[in-house]
Amino acid sequence: MRPAAVAVVGGGVMGASAAYHLAARGHSGVVILDRADGPGAGSTARATGGYRAQYATDVNVRLSLLTREKLRRFAEDTGTDPGYQPAGYLWLAATPAELAALGAAREVQHAAGLREAVEVSRREIARLNPAISLDGVIGGAFFPSDGFIQPLKILEGYLAAGARHGVRVEWGVEVTGFGRDAGGRIVEVQTSRGPMSTDAVVDAAGPWAAQVAARAGLAVPVTPLRRQIAITAPCEVLPADMPMTIWAGDGFHLRVRDGRVLLLWPSQGVPDRPFDASVDPAWVDAVTAMAHARVPVLRQVPIDRASCRAGLYEMSPDKHAILGAAPGCPNFYCINGSSGHGVMHAPALGHLLAEIICDGRASTLDVSRLDPGRFEAGGGALNAVSELL
Ligand SMILES: Cc1cc2nc3c(=O)[nH]c(=O)nc-3n(C[C@H](O)[C@H](O)[C@H](O)COP(=O)(O)OP(=O)(O)OC[C@H]3O[C@@H](n4cnc5c(N)ncnc54)[C@H](O)[C@@H]3O)c2cc1C
């Protein structure tokens, strides 16, 4: 049996970050197992590339601030430029209730140290993003060091730097089961390439995290949720440094990436097919109509239907990450459930999971609110003041 001190299931941005941080701390024998033929087969390659610290819960704000610190020295740590571009996130409110939700979130942000997060008037909104129609907009929120990152560069950076620290990656290997000892600890990982003995397992399988956990007899409440992106033909009607602009009421948002405009708007997944990540043409029509009404300059730019894509969010019941040992198994660690914020939080979560595994607890941040046991009866699941934030 080939051995692994830590078997990381999933070589997306989460698994790569966890593996890198463990190895950088001197942990030897870290092996990533991924059933795909190479990097970027999961959600990481589908992400929009947004980074923000404007959240409504203390723990999410602090995860983003830790990530910001790590993005600023990412090139030094890993040798790869993560493409961090602080273009800002501009939230727009159409009702007093939406404005109040943004204000309540801002109080949480200020308390966590995000002092530059501000309320913005219609006039300031027009200055920050002159292309949008202010019809119905009554105000908003802005934070300048939110912005953009390049998901595949972060993945690449952690994989390359991890390899230099001794992380081994086995692509094309599916994890099919686990063997436990009499005390309930995982001692063996069963794979499509045969069994592997191990001291610990990290479940970094993104939208498939619950399925991987189930193979160890564990319940990790992560469910897939389809997210679609409509993409325009190449154009120059909006500037590359336009802030991510989000209508707080319905979550419609847009950004410019690689000379095209990306349009997003949350929708339901495909009924009875939770892992279906196909693009619904009717959704593309609807989001295009929204874009034309809200960003008039886009009326002259066609949608490139062949480029539109979808992927899967990895939802947890309270839309917060699940981090730490799973209840019922002390050496099965979760780093999943980020609910659509996984690329931006991977640098922080990988760092924190390495602390949990190496030291028995996270010391850089208090992440007790992310404990996998919080969903059990009477657990303290997190509530945000707004659905989107
Ligand atoms: C349309 C869209 C837009 C998004 N935008 C953003 C954004 O702007 N900012 C942001 O921070 N996040 C965004 N996200 C979310 C982000 O993509 C995810 O949170 C993140 O990529 C999760 O990373 P991961 O490594 O956990 O999962 P993945 O990248 O999905 O990796 C999981 C890996 O596990 C492997 N695997 C699964 N089961 C097994 C098994 N049994 N054996 C072996 N391997 C297995 C898969 O092959 C896969 O490679 C977006 C997601 C989507 C879909």
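Biologist: How many helices and strands are in the protein chain of this predicted model?
Modeller: The protein chain has nine helices and 18 strands.

Biologist: What makes the protein chain agree with a compact globule?
Modeller: For 389 residues, a compact globule would have a radius of gyration near 21 Å. The protein chain has 21 Å, so the two agree.

Biologist: Why is the contact between Glu119 and Arg106 called a salt bridge?
Modeller: The cut-off is 4 Å between a side-chain nitrogen and a carboxyl oxygen. The side chains of Glu119 and Arg106 meet at 3.3 Å, N to O. Glu119 lies in strand S5 and Arg106 in helix H4, so the pair ties together parts that are 13 residues apart in sequence.

Biologist: Why is Arg106 called buried?
Modeller: Buried means under 20% relative accessible area. Arg106 has 10%, so Arg106 counts as buried. Glu119 has 45% and is partly exposed.

Biologist: What makes Glu170 and Arg193 a salt bridge?
Modeller: Their side chains meet at 3.7 Å, N to O, and the limit is 4 Å. Glu170 lies in strand S8, and Arg193 in the loop between strand S10 and strand S11. Arg2, Arg168, Glu170 and Arg193 are linked in a network of salt bridges.

Biologist: Is Glu170 buried or exposed?
Modeller: Buried, at 8% relative accessibility. Arg193, at 48%, counts as partly exposed.

Notes:
Residues numbered from 1 in each chain as written. Predicted model: local features only at pLDDT ≥ 70, side-chain atom pairs only at ≥ 80, totals over all residues. Heavy atoms only, no water. Helix = DSSP H or I, 4+ residues; strand = E, 2+ residues; numbered from the N terminus. Rg over C-alpha atoms; globule rule 2.2 N^0.38 Å. Buried < 20%, exposed > 50% of the residue type's maximum accessible area, 1.4 Å probe, protein only.
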